[in-house]
Amino acid sequence: MKRILLIEALANSGPYLLDAARSLGAHVFVATHEDVWESYPAALREKIHGTVFTDLTDPHRALSDLTAFAGTTRIDAVAGCWEFFTPLVAHLASRLDLPGNDPLRAQACRNKADMARAFRTGRVPAPRTVSGYTTAEVTRALDRLGIGFPIVVKPAEQGGSWGVSVVTGHEQLDAAVRHAQSWPVAAPHGLALDQRVLVQEYVPGPEFSLDTVVRRDEYFHLPLVEKHTTDGAYRAETGHTCPAPLPPATLTAVRAAAERALRALGIRNGVAHTELKIPPEAGPTVIEVGARLPGDHLVDVVRHASGIDEARAYLQAVLDEKPDVPEPREGACAIRFLTPPRAGTFRGVTLPGRPDGLIGRHITTEPGATVGGAHDNSARLGHLVFTAPTPSQVKAHAAHVLAHTRIEVS
């Protein structure tokens, strides 16, 4: 019986990893904070074989505690869910002589300022990026490099589109910098975040994501996913469609760009979620990479579309087994997030009767809750999942249902 140490399971991909471990006949032990463990849903706890409590915000203490635990428990693999803890996953795997990523470059998988530096060193096709703590700092850096508007302002450490804004003029920059610095601590662990602000040149064009399982520096790419976002100053994600219908030559270029980024970040055993844009008349541009499974239930979306279980393949890679990533089957899947039309009190959601292709309806906000505007992914009320034989059909199903869905906010 294989034993896997999962550093924090209270994440979007946690249940998928626990189910995948069960399918592999493995036991999972979870490292978390004792108070965070108290908030675990019962259904999640039932899938966990055991726990080890440590302070994940203190990397040195956590590494010492988890090394001792792994030795007595005879751990066979180390995995993670949270982007903030991917450096700890890499250092622990290295300490235990288990498959993992390069610990010397692991911080760049968490911190986007360090990531931008790694991309420059590795000649990754990526937007020009500057960082700083103040508007004055980033303004001087922008002037020095000749980066003009529009630009993208984002936190050095954060996810879920939190703190991200598109700025079209200098008069908006100071507010955007303050917005990016609005989350100094990550809940629920109380992890202090780097307060540097990243400013990138804006890359036009459609957005995509590519997940890749890596074992011993061999890349196993999953189907490309098309990302849908809001327009305007804030670009919250409104949904995803898999697979993205791109020509073979473009898909090859996307994979090559992602592989260059993964090499720059030292991702050699595990999984990576690469976000890219394809500007008009140009090649793919890598925006950022996470050394983790994707959020937004994309593990489920990719599985419905292709038959590939990404969580299972990830665990196989860190167990030093060949990942099971076959050629994808024919099919398509889409997820669409429900967001409030305005701030107010949420009353409920009404869908049209018997929608074509709808296989999942999940409302996560209780009626009576106060909701805000859709500036980032925290505004979501729930999500809908659709399947169809082709991407164009699944997008048509989703568009029809959303056009006839009523979200009541008073």
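This is a predicted model: local features need pLDDT of at least 70, side-chain atom pairs count only at pLDDT 80 or more; totals for chains, interfaces and linings use all residues.
At what angle do the axes of helix α7 (residues 135-145) and helix α8 (residues 173-180) cross?

1. Crossing of α7 and α8. The two axes cross at roughly 120° and come within 10 Å of each other. That angle makes α7 oblique to α8, since angles of 65 to 115 degrees would count as roughly perpendicular and those over 145 as roughly antiparallel. In handedness, the passage of α7 across α8 is right-handed.

2. Residues between α7 and α8. From α7, the contact draws on Thr 135, Val 138, Thr 139 and Leu 142, which meet Leu 173, Asp 174 and Val 177 of α8. Sorted by class, the residues of this contact comprise four nonpolar, two polar and one charged.

3. Packing of α1 and α11. Helix α1 (residues 14-23) packs with helix α11 (residues 310-318) at about 65°, and their axes lie 8 Å apart. This arrangement makes α1 roughly perpendicular to α11. The crossing of α1 with α11 is right-handed.

4. Residues between α1 and α11. On the α1 side, Tyr 16, Leu 17, Ala 20, Ala 21 and Ser 23 take part, meeting Ala 311, Arg 312, Tyr 314 and Leu 315 on the α11 side. The contact is made up of seven nonpolar residues, one polar and one charged.

5. Leaving aside residues up to four places away in sequence, Val 349 touches Leu 338, Arg 361, Ile 363, Thr 405, Arg 406 and Ile 407. By contrast, 45 Å separates the C-alpha atom of Val 349 from that of Ala 264, a residue 85 positions away along the chain.

6. Salt bridges overall. How many salt bridges does a search of the whole structure find? The search returns 23. In general, side chains of opposite charge can pair when their charged atoms come close. One network of salt bridges links Glu 207, Lys 227, Glu 237, Glu 275, Asp 296 and Arg 380.

7. The pair in α4. Arg 61 and Asp 65 form a salt bridge through their side chains, with an N to O distance of 3.3 Å. Both residues are in helix α4 (residues 59-73), where a spacing of four residues places them about one turn of the helix apart. Arg 61 is partly exposed at 44% relative accessibility, and Asp 65 is likewise partly exposed, with a relative accessible area of 27%.

8. Asp 114 and Arg 117. In the salt bridge between Asp 114 and Arg 117, the closest N and O atoms are 3.0 Å apart. The two residues are separated by about one helical turn because they stand three residues apart in helix α6 (residues 112-121). Arg 117 is partly exposed, at 41% relative accessibility, whereas Asp 114 is buried, with a relative accessible area of 18%.

9. Asp 114 and Arg 196. The side chain of Asp 114 also meets that of Arg 196 in a salt bridge, at 3.7 Å from N to O. Asp 114 is in helix α6 and Arg 196 in the loop between β9 (191-192) and β10 (197-201), so this pair ties together parts that are 82 residues apart in sequence. Asp 114 and Arg 196 are both buried.

10. Cis peptide bonds. Phe 149 and Pro 150 are joined by a cis peptide bond with omega of about 0°. Pro 150 sits in the loop between α7 and β6 (151-155). A cis bond also runs from Cys 242 to Pro 243, with omega near 0°. The loop between β14 (237-242) and α9 (248-265) holds Pro 243.

11. Positive phi angles. Glu 8 is not a glycine, yet its phi is positive, at about 70°. Glu 8 is placed in the loop between β1 (3-7) and α1, and at 0% relative accessibility Glu 8 counts as buried. Asp 320, another residue other than glycine, has a positive phi near 60°. Asp 320 is found in the loop between α11 and β17 (332-338) and, at 28% relative accessibility, is partly exposed.

Methods:
Residues are numbered from 1 along each chain as its sequence is written. Side-chain values use heavy atoms; hydrogens and water are left out. Axes are lines fitted to C-alpha atoms, for helices over the stretch in contact, and angles run from 0 to 180 degrees between N-to-C directions. Angles under 35 degrees count as roughly parallel, over 145 as roughly antiparallel, 65 to 115 as roughly perpendicular and the rest as oblique. A crossing is left-handed if the near helix is turned anticlockwise from the far one by less than a right angle, and right-handed if clockwise. Contact means heavy atoms within 4.5 Å. Ala, Val, Leu, Ile, Met, Phe, Trp, Tyr, Cys and Pro count as nonpolar, Asp, Glu, Lys and Arg as charged, and the others, Gly among them, as polar. A salt bridge is a side-chain nitrogen of Lys or Arg within 4 Å of a carboxyl oxygen of Asp or Glu. Buried means under 20% relative accessible area, exposed over 50%, partly exposed in between (1.4 Å probe, protein chains only).
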